[in-house]
Amino acid sequence: SSGINAECPLRPGNFRRRVKSFALRLVTVFIFALIVLFFTSVTSTSVSIISVVDRRYQHTLEHIKGQRAPLQTYEVREGAIVSHADPAQCIAVNTTTRHIVLQHCTETSPETTFRLYISQDPSLKDYMETVAASGDCVDAGSVVMPAGLPVILYRCHGGSSQAVSYDSTSMLLYHTVADFNKCMDRTGVALGAEIRFVPCDLTKKLQKWDLVPFIRFSL
């Protein structure tokens, strides 16, 4: 009747307007979601790129400084280094002279406990750290490393003089810089005898060492 002025919601014109309004809202939400997704993706990619650049930057700095790369994973072997020629004798730290010497094996003694850090990455150097003095590593004492030079303790720096590793097949503790070709040897059979780097000799029993018990874990 003429007394009813309100529009009927079911009229075709009103229905079409409602559908258009709903569709517009749906398209708006969809576009907004795409924008959020785009910026999230860009931000995530940027963070990844920054992270990679940051890692490369750190590795470059460490390479320039001659330091180890802490972001790489190492297998760590911890335990005593026992003489294969005499199982009662172990490599130990003389905390007074800071030389590596031969001592009687004492279970769980810090002086006879070492950590070997071994990496599968050829660009990184293996090294050997003492438990008796935190942050100190086994060191050849010289980059030139003449035969017979005593093995000493020095602050860990990751340089060539500290590139020491162990080969379980030959049982040799050796310097990993190929040109050196030096292995750890005893200067005598008595307790207190110094350990020195000498030319490697696979037939020499005094150059052979057992790692006991040597717990393994990763960094």
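The largest pocket is lined by 17 residues, and A80, T108, T113, V212 and P213 are the ones that lie nearest its centre. A pocket here is found on a 1 Å grid over the protein atoms alone, as an open set of points where a 1.4 Å probe fits, with protein on both sides within 12 Å along at least five of seven lines; lining residues have an atom within 4 Å of a point. Before going further, please keep in mind that this is a predicted model, in which local features need pLDDT of at least 70 and side-chain atom pairs count only at pLDDT 80 or more, while totals for chains, interfaces and linings use all residues. Residues are numbered from 1 along each chain as its sequence is written, and side-chain values use heavy atoms, with hydrogens and water left out.

Back to the pocket. Its volume is about 290 Å³, where a volume is the space filled by probe spheres set on grid points that are joined across faces, edges and corners. Strand 1 (75-83) and strand 13 each supply at least two residues of the lining, and strand 1 gives the most, with four residues. Strands are DSSP runs of E with at least two residues, numbered from the N terminus. Sorted by class, the lining has nine nonpolar, six polar and two charged residues. In this sorting Ala, Val, Leu, Ile, Met, Phe, Trp, Tyr, Cys and Pro count as nonpolar, Asp, Glu, Lys and Arg as charged, and the others, Gly among them, as polar.

Five bridges join strand 1 to strand 4, and the two run antiparallel; strands are said to pair if DSSP finds at least two bridges between them. Along this pairing, V76 stands opposite Y117 in strand 4. Strand 4 also has strand 5 (residues 127-130) as an antiparallel partner, joined to it by four bridges, and here R115 stands opposite E129 in strand 5. Four of the five residues of strand 4 are buried, so strand 4 is largely enclosed by the rest of the structure. Buried means under 20% relative accessible area, exposed means over 50%, and partly exposed lies in between (1.4 Å probe, protein chains only).

Now for the disulfides. A disulfide is a covalent bond between the sulfur atoms of two cysteines. In the model, a pair of cysteine sulfur atoms within 2.5 Å counts as one, and a search of the whole structure finds three. With bonded cysteines counted along the chain, they follow the pattern 1-2, 3-4, 5-6.

Let us begin with C90 and C105, whose sulfur atoms are 1.9 Å apart. The torsion about their S-S bond is about 105°, so this disulfide is right-handed. C90 lies in strand 2 (residues 89-94) and C105 in the loop between strand 3 (99-104) and strand 4 (114-118), so the pair ties together parts that are 15 residues apart in sequence. C90 is buried at 2% relative accessibility, whereas C105 is partly exposed at 21%.

Next come C137 and C156, with sulfur atoms 1.9 Å apart. Their torsion is about 95°, so this disulfide is right-handed. The pair links distant parts of the chain, 19 residues apart: C137 is in strand 6 (residues 136-139), and C156 is in the loop between strand 8 (152-155) and strand 9 (164-167). C137 is buried, with a relative accessible area of 0%, while C156 is partly exposed at 32%.

The sulfur atoms of C183 and C200 are 2.0 Å apart, and with 95° about the S-S bond this link is right-handed. C183 lies in strand 11 (residues 182-186) and C200 in the loop between strand 12 (195-199) and strand 13 (209-218), so parts that are 17 residues apart in sequence are tied together. C183 is buried at 0%, and C200 is partly exposed at 26%.

Finally, take a look at the backbone of two loop residues. R98, in the loop between strand 2 and strand 3, has a phi near 60°, a positive value in a residue other than glycine. R98 is partly exposed, with a relative accessible area of 32%. M171 has a positive phi of about 65° although it is not a glycine. M171 lies in the loop between strand 9 and strand 10 (172-175) and counts as buried at 15% relative accessibility.
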